[in-house]
Amino acid sequence: MTSLPYDVEETEHLWIPLSDGTRLSARLWRPVAAEEEPVPGIVEAIPYRKRDMTAQRDSVHHPYMAGHGYACLRLDLRGSGDSEGVLEDEYLERELQDIEEVLAWMASQPWCSGRTGIMGISWGGFNGLQVAARRPESLGAVVTVASTDDRYADDVHYMGGLMLTDNLSWASTMLAYSTCPPDPDVVGEKWRDMWRERIEGSGLWLEKWLKHQRRDDYWKHGSISENFDDVEVPVFAVSGWADGYSNSVFRLLEGLNAPTRGLIGPWSHKYPHQGEPGPAIGWLQEVVAWWDHWLKDRKDNGAADGPDLSIWMQDTIEPATAYDDRPGRWVGEPSWPSPRINEIRHPLGRHSILAPDKPEPSPPVSISSPLSVGLYGGKWCSYNAPPDLPYDQREEDGGAMIFTAEPLDERLELLGAPVAELTFEVDRPVAQVAVRLSDVAPDDAATRVSYGVANLNHLNGHDSPEELEPGRKYTVRVHLNGMAQSFPAGHRLRLSVSTSYWPVTWPSPEPVRLTVHPEESALILPERPFENDEDASLVPQFGEPEGTEPIAVDQVIPGDLDWKVSRSLVDLSGSLEVVKDLGVVNLPDIDLNLTRRAYEKYSFVGRDYDSVRGETDWTMGFSRGDWSTEIRTKTVLTSTPTEFLVYAELDAYEGETRLASKTWERTIPRDHI
């Protein structure tokens, strides 16, 4: 256990009253002496059940921060965990109001100095930025991890104007999470009534998200990119290259006028002190320094020194679906956009990436990709459930048009977002494109280092899609995900272009033939001179991971993890099946058994676009002694050329008795997607 400057006391449960009469459940860690010497307060507000699901994770960093002089509040959002009410969707106005009220409540407590901060990963990173934009009086700083400033363009739902299949899997996750029961040991005899209220009131979130296929007011709500000036407090923005949210770090650094620090490591969707793939870092030390600087006015502690952007420059590596560690080194940029990054335009030739300013006459090339392209693409976001990273891209390139550069004469480093500028035509009115950038080794193994997708019907913006005119020339700029990658001499860069990327994105309504005109197209690379590392003041230095001892969790029944691609040469079907099974674990501190299992299947048959199908099943169970509950959900999404078809079911069990059962069947028109 890491030694702490302050002794810490924990309040396992407390009620926080809201103005509408609802009570939210929270856990509090604070210095024992805080009543005599008040300290700043830190809030993390998420719907993932503080008492069980996140209890072990929370036990590592909240007591640690409390032991450095902070009152840390882990809040169950309205309708989640042990809080009262119903959780009906992400980031609703009511949620943000609730957090503002909690901040005001905390600031008024005798053990709080009146100054507060918000910290969180994913959902808690989102609402931290969103609440900051509302400027609550006590809020002095934010730490946001794996979050976004743009809910439409850069979240789990849509990417490049295309629907991600994570939209389905995430909706299914929340169908289960939002309908779990509270703990009778906390809420008492009313637990069953609270559970019924959640089951009846939470609703089918997938339906809501499918009804907003373009960037409308639904997505603009909570997107601080609508007006970055709304955020006036300092922001520490963090993500990882295997995470789905690294792009937002670049945009926050560029868009916010408040002091902003950016950090991107090799990690998946995890806090950096628990980061996988490694190396993990001593991130909690950085966070405490951040709070000390902005909430305790310790201006000389170095928290605002060093580069604005610290990033892990990844070295080349063989393609694999999971890594323990990613080789590389820490580098820094004094600001972002960095004046040291050179945007170099490489013309395309016939299946080639050419040297700058050396275009060659090249005839058009075309492709109509099979639905199997994307089966080895991994998850849109690695949730640290390997093997969920992309595999050898040679498995995909047979269904794509490829453009490959000559072997490099010397090392090349890229930092930022590559852009594929394509002049194209299509033979159907609704179409998409997926673009992948790979590091090709001398033995031809191809490791994907970035990718981007685009709905070609959104050329005039995500809020105003239009049908394409078959045979007409258009130009699209496909922004690939931001990256930091070092390519050694002898390696080649490859750009791969396909007309589908299933099951990363939902396919077009019908097969499309895409024709690209190489001599009017280019790959724009953000090249970083590696002699920049000579400035030692810009090289980040991090300590080893620290944290308090995690609470005990015992594995009662082993879990299971699988990721299986299969093809049948009889009926020409193909599928990706994913199993994420926690098994059964016991939390000895509260004598609770916890069960969590997710199954996903994405399938297709041959070239039949109407056969595309996504199915997810969830089981979540909670038991203690004679008390036993379970939630089972199923969600199925299919489509026709004009509609999305949704089927969902939910069953809730108390012991062997089915307490509630619900089904949904919905038909939702496709909107240029």
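A polar contact is a pair of N or O atoms within 3.5 Å, where, within protein, one must be able to donate a hydrogen and the other to accept it. In this predicted model, the side chains of Lys-50 and Ser-25 make such a polar contact, at 3.0 Å. Let's begin with that lysine and then visit the cores, a pair of helices and a few loops.

**A buried lysine and an exposed glutamate**

- Lys-50 sits in the loop that runs between strand S3 (39-46) and helix H1 (55-66).
- Is Lys-50 buried or exposed? Its relative accessibility is 1%, and because buried means under 20%, Lys-50 counts as buried.
- Setting aside neighbours within four places in sequence, Lys-50 is in contact with Glu-12, His-13, Ser-25, Ala-26, Arg-27, Ala-55, Asp-58, Arg-74, Asp-76 and Asp-82.
- With a relative accessibility of 63%, Glu-36 counts as exposed, because the cut-off for exposed is over 50%.
- How far apart are Glu-36 and Phe-126 in space, C-alpha to C-alpha? The distance is 34 Å, and the two residues are 90 residues apart in sequence.

**Nonpolar cores**

- In soluble globular proteins, nonpolar side chains tend to be buried together.
- The largest nonpolar core in this model has 157 residues, and Trp-123, Trp-283 and Trp-291 have the most contacts inside it.
- Which helix gives this core its largest share? Helix H10 (residues 283-295) does, with eight residues.
- Not counting residues up to four places away in sequence, Trp-283 touches Met-119, Val-143, Val-145, Phe-236, Val-238, Leu-263, Tyr-271, Pro-272 and His-273.
- Another core, of 36 residues, lies apart from the largest one. Among its residues are Leu-412, Ala-420, Val-435 and Leu-525.

- Helix H2 (residues 93-107) packs against helix H3 (residues 123-132) at an angle of about 75 degrees, and their axes are 10 Å apart.
- That angle makes H2 roughly perpendicular to H3, because angles of 65 to 115 degrees count that way.
- On the H2 side, the contact is made by Glu-95, Leu-96, Ile-99, Glu-100 and Leu-103. On the H3 side, the residues are Trp-123, Asn-127, Gln-130 and Val-131.
- Sorted by kind, the residues of this contact are five nonpolar, two polar and two charged.

**Backbone details in the loops**

- The peptide bond from Trp-336 to Pro-337 is cis, with omega near 0 degrees. Pro-337 lies in the loop between strand S12 (328-333) and strand S13 (342-349).
- Trp-502 and Pro-503 are also joined by a cis peptide bond, with omega of about 10 degrees. You can find Pro-503 in the loop between strand S23 (492-498) and strand S24 (514-516).
- Asp-444 is not a glycine, yet its phi is positive, at about 80 degrees. This residue lies in the loop between strand S19 (432-440) and strand S20 (446-455), and at 37% relative accessibility it counts as partly exposed.
- Leu-572, not a glycine either, has a positive phi of about 65 degrees. Its place is the loop between strand S27 (560-567) and strand S28 (573-587), and Leu-572 is partly exposed, with a relative accessible area of 47%.

Definitions and conventions. Residues numbered from 1 in each chain as written. Predicted model: local features only at pLDDT ≥ 70, side-chain atom pairs only at ≥ 80, totals over all residues. Heavy atoms only, no water. Axes fitted to C-alpha atoms, helices over the stretch in contact; angles between N-to-C directions. Helix = DSSP H or I, 4+ residues; strand = E, 2+ residues; numbered from the N terminus. Parallel < 35°, antiparallel > 145°, perpendicular 65-115°, else oblique. Contact = heavy atoms within 4.5 Å. Nonpolar A, V, L, I, M, F, W, Y, C, P; charged D, E, K, R; others polar. Buried < 20%, exposed > 50% of the residue type's maximum accessible area, 1.4 Å probe, protein only. Core = buried A, V, L, I, M, F, W, Y, C linked by side-chain atoms within 4.5 Å.
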